[in-house]
Amino acid sequence: MALMELAEHYLSAGEFKAAEQAYTKILLKNHLDPYLTIIVMGYLIRVLALEGRASDADRYGKRAMALLRELDNPVELDMGRAWIYVARGYRYVFSGGYERAVELGEEAKALFESLNEHRLTLSAYFLISYACFYLGRFARGSASAAEGIALAEGQGIENEFSEFLVLLKAKNRLEMPGISQEEIDGILAVCQNSLAYFRSGGFSGGVAQGCLVLHRAYLLKKDAARAEKYLRQGIDAVGRHPMPLVKNELNVALSSLLLFDRNPPLKREAFILLKKAEQDLLYSGWHMAWVSRIFARYYWEYGHRETAYKYMVYALKICEEEGFDQWILVDKEWILPILVSMAFLGSMKSYIFRLFRHADKTMLARLSSIGTNFTSPEQKTVSQLIAVVPKPEPLPIRGLLF
């Protein structure tokens, strides 16, 4: 058990190679019963997922699922199933398989709740909320995190998952329309507390996630300097750890900030970060679509329209195939001119019109405000797009009796 505790310490600290070696050493021990083997394999799958080694994680996932047949105790069987569902959820959430991660999170949550395993239920809430963010289901992601936080508070639990849920509630809420400056200030306060928790425990992954959320909040407050500071702190926190998805997410966020929010911009550093992420993140459609949208925005704003179209087509195709529509709508402050131009030219036209059929009133207002910036032929496309945006229901007419 001392070796197990050491492995968990390595995992929390982001020392994944050492954690992998320790868990593998435990598995090589003689007379390890099936239940404990499943638990160790679950931890190992989590390590491999964070390292971006999905195929290795799948190999252990299959072995663990096969071992479930050897469990006679019904409690151990349900516990083992839930544990492997969460572990496999990690494999999917850190390789871009967000729909599957939500499914596994829901299955694990139901089993953990039936066993009254409150601490482990938090890990299922984590998976659901984390995956919902990338799927653009911000309301569900925020609500799931809030449920987990309520459970943690009710049971007096404070651990890495309870703090991750604080960050995930904020991460999802920051992308939802109608957030006030007062609410952003509250998010900054609670996320600073979570960041301090992860720093005090040497949990590099938690520090990285905290810095990502704080950067987004400060951007919404138009404070690019503080946003940049937190991104660089997050990059430093995971610098020597093999966490490709988290590391590159920080790098891509920084590249976007350096190109569009910093004055003066730092183009050279931004492009180095983007090119590296483009090579490292081929396995994650969401991240590749994000990188491509950043390139498209840059080339559009500097007048290289054909190159901008190329990158935007690639991003839109990924979003259409993998269901990331909401992220196109999130980018409404800058993306609309490119979409209008592409729709006018007939490029990805059916998908662009489908996006606008699911837009909200803020998208309608933004499109209306920039409509006069287009040529007369393009303005016809603007009018067509405005026509498909859902209009709010009129207020009911109430009769008054005097």
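Is Arg 216 buried, partly exposed or exposed, and what is its relative accessible area? That is where I opened today's notebook. I am working from a predicted model.

**Entry 1: Arg 216 and its partner**
I looked up Arg 216 and found it partly exposed, with a relative accessible area of 24%. Its salt-bridge partner is Glu 175, and the closest N and O atoms of the two are 2.7 Å apart. Next I checked where the two residues sit. Glu 175 lies in the loop between helix H9 (160-173) and helix H10 (181-200), while Arg 216 belongs to helix H11 (residues 204-220). I noted that the pair therefore ties together parts that are 41 residues apart in sequence. I also looked up the accessibility of Glu 175: its relative accessible area is 12%, so I have it down as buried, since that is under 20%.

**Entry 2: around Arg 53**
I then turned to Arg 53, which is partly exposed at 24% relative accessibility. Which residues does Arg 53 pair with? I found a salt bridge to Glu 51, with 2.9 Å from N to O. I found another to Asp 56, where the closest N and O atoms are 3.0 Å apart. Glu 51 itself is buried, with a relative accessible area of 9%.

Last, I looked up the total for the model, and the count comes to 27 salt bridges.

Terms used
Residues are numbered from 1 along each chain as its sequence is written. This is a predicted model: local features need pLDDT of at least 70, side-chain atom pairs count only at pLDDT 80 or more; totals for chains, interfaces and linings use all residues. Side-chain values use heavy atoms; hydrogens and water are left out. A salt bridge is a side-chain nitrogen of Lys or Arg within 4 Å of a carboxyl oxygen of Asp or Glu. Buried means under 20% relative accessible area, exposed over 50%, partly exposed in between (1.4 Å probe, protein chains only). Helices (H or I, at least four residues) and strands (E, at least two) are DSSP runs, numbered from the N terminus.
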